[in-house]
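Subject: A structure for you to explore

Hello,

Here is the structure I promised to pass on. Please open it beside this email, and then read on for what turned up in it.

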Amino acid sequence: MAGLLVIHDTDGHPEHKLKLEKSEVPFICGGCKELGFGLRYQWTRICDICALDIRGFLYQCSRGDYDLHPHCASLPLTFTLPGSNEVIKLREKIESRCLKCQRKERASGRVQGLSYVSSDGMLCYHVACLKEACLDNWTMGYFQLDALANEERRILALQNLAPNQEVRIRAAQSANAMRGIRLLITFLKLVVSAILGEPFTLVSTLFQISQS
């Protein structure tokens with residue numbers, strides 16, 4: 001039987017569109033509570049901070065304008081680089097490209113998604129890209145403490161976080177180049193700490209990069 005590809009939820013949320021999708025596993029319908037197979041209508045929620053799908057619990061404002069992952073809702077809005085006046089802020093509009101994906105925007109439908117940006121606007125990281133990069137590092141074993149004991153594995157972890165940046169400090173580099181790398185590494189340290197919930201042992205070990 002032919003069916004509509006998109007329908008609207010009329011049970012209290014007429015603005016929500018339900019899309020026809022095929023499920024590979026059995027499911028319980030959220031409306032009739034019956035067991036279902038194959039095709040189903042599903043409403044996809046998008047987090048307004050990271051612009052990724054919400055597949056479970058969420059925070060929603062009383063007007064229903066914003067949906068947030070519980071983890072994203074706990075992210076710090078601002079923090080300061082130690083020993084400087086440099087402030088990192090969670091912002092929607094950015095001027096530079098993301099250190100990971102090299103794009104200015106990371107959007108999903110109507111949701112733009114937020115980014116951590118340095119006060120001078122030169123360093124930027126989409127929250128979505130940061131979450132994905134941290135997961136990649138964990139999957140590849142770069143975030144295991146025994147692996148981080150190796151200098152080269154720490155470099156690989158940092159290079160995966162910022163693939164188009166120099167992350168190794170060398171004796172032959174200029175003072176400005178070394179300062180830029182240290183600033184980049186400190187920026188990465190703080191935003192990774194925010195995403196991972198500040199596991200200090202892991203983060204401090206990851207960012208102990210020696211000069212070679």
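**The salt bridge**

Arg168 is buried, with a relative accessible area of 15%; buried means under 20% relative accessible area, exposed means over 50%, and partly exposed lies in between (1.4 Å probe, protein chains only). This is a predicted model, in which local features need pLDDT of at least 70 and side-chain atom pairs count only at pLDDT 80 or more, while totals for chains, interfaces and linings use all residues. Residues are numbered from 1 along each chain as its sequence is written, and side-chain values use heavy atoms, with hydrogens and water left out.

Glu152 is partly exposed, at 41% relative accessible area. A search of the whole structure finds 1 salt bridge (a side-chain nitrogen of Lys or Arg within 4 Å of a carboxyl oxygen of Asp or Glu). Side chains of opposite charge can pair when their charged atoms come close.

**The chain as a whole**

The chain has 6 helices and 11 strands. These are DSSP runs numbered from the N terminus: helices are H or I with at least four residues, and strands are E with at least two. Of the 212 residues, 38% count as buried. The accessible surface comes to about 12,800 Å², and 53% of that belongs to carbon and sulfur atoms. Accessible areas come from the Shrake-Rupley method with a 1.4 Å probe, and for residues only the protein chains shown count as cover.

**The core and its helices**

The largest nonpolar core has 40 residues. Such a core is a set of buried Ala, Val, Leu, Ile, Met, Phe, Trp, Tyr and Cys residues joined through side-chain atoms within 4.5 Å. Those with the most contacts inside this core are Tyr116, Tyr125, Phe187 and Leu188. Which element gives the largest share of the core? That is helix 5, with 11 residues.

Helix 5 has 22 residues and reaches 31 Å from its first C-alpha to its last, close to the 32 Å expected at 1.5 Å a residue. The expected span is 1.5 Å times one less than the number of residues in the helix. Among the buried residues of helix 5 are Ile181, Leu184, Phe187 and Leu188. Helix 5 is followed by Gly197, whose phi is positive, near 80°.

Helix 2 has 13 residues and spans 18 Å from first C-alpha to last, close to the 18 Å expected. Its buried residues include Leu130, Ala133 and Asn137. The buried residues of helix 2 pack against strand 9, strand 10, strand 11 (124-126), helix 4 and helix 5. After helix 2 comes Gly141, with a positive phi near 85°.

Begin with Tyr125, which touches Leu130, Ala133, Phe187 and Leu188, among others, not counting residues up to four places away in sequence. Contact here means heavy atoms within 4.5 Å.

Asn160 is found in helix 4 (residues 151-161). Is Asn160 buried or exposed? Asn160 is buried, with a relative accessible area of 16%. Leaving aside neighbours within four places in sequence, Asn160 is in contact with Lys100, Ala133, Asp136, Asn137 and Met140.

Gln165 lies in the loop between helix 4 and helix 5 and is partly exposed, at 31%. Gln165 and Ile181 are 16 residues apart in sequence and 8.4 Å apart in space, C-alpha to C-alpha.

**Two positive phi values**

Most residues other than glycine have a negative phi, and most peptide bonds are trans. Ala51 is not a glycine, yet its phi is positive, about 65°. Ala51 sits in the loop between strand 4 (45-46) and strand 5 (53-54) and is buried, with a relative accessible area of 7%. Gln102 also has a positive phi, near 65°. Gln102 lies in the loop between strand 9 and strand 10 (115-117), and this residue is partly exposed, at 30%.

Enjoy looking around!

Best wishes
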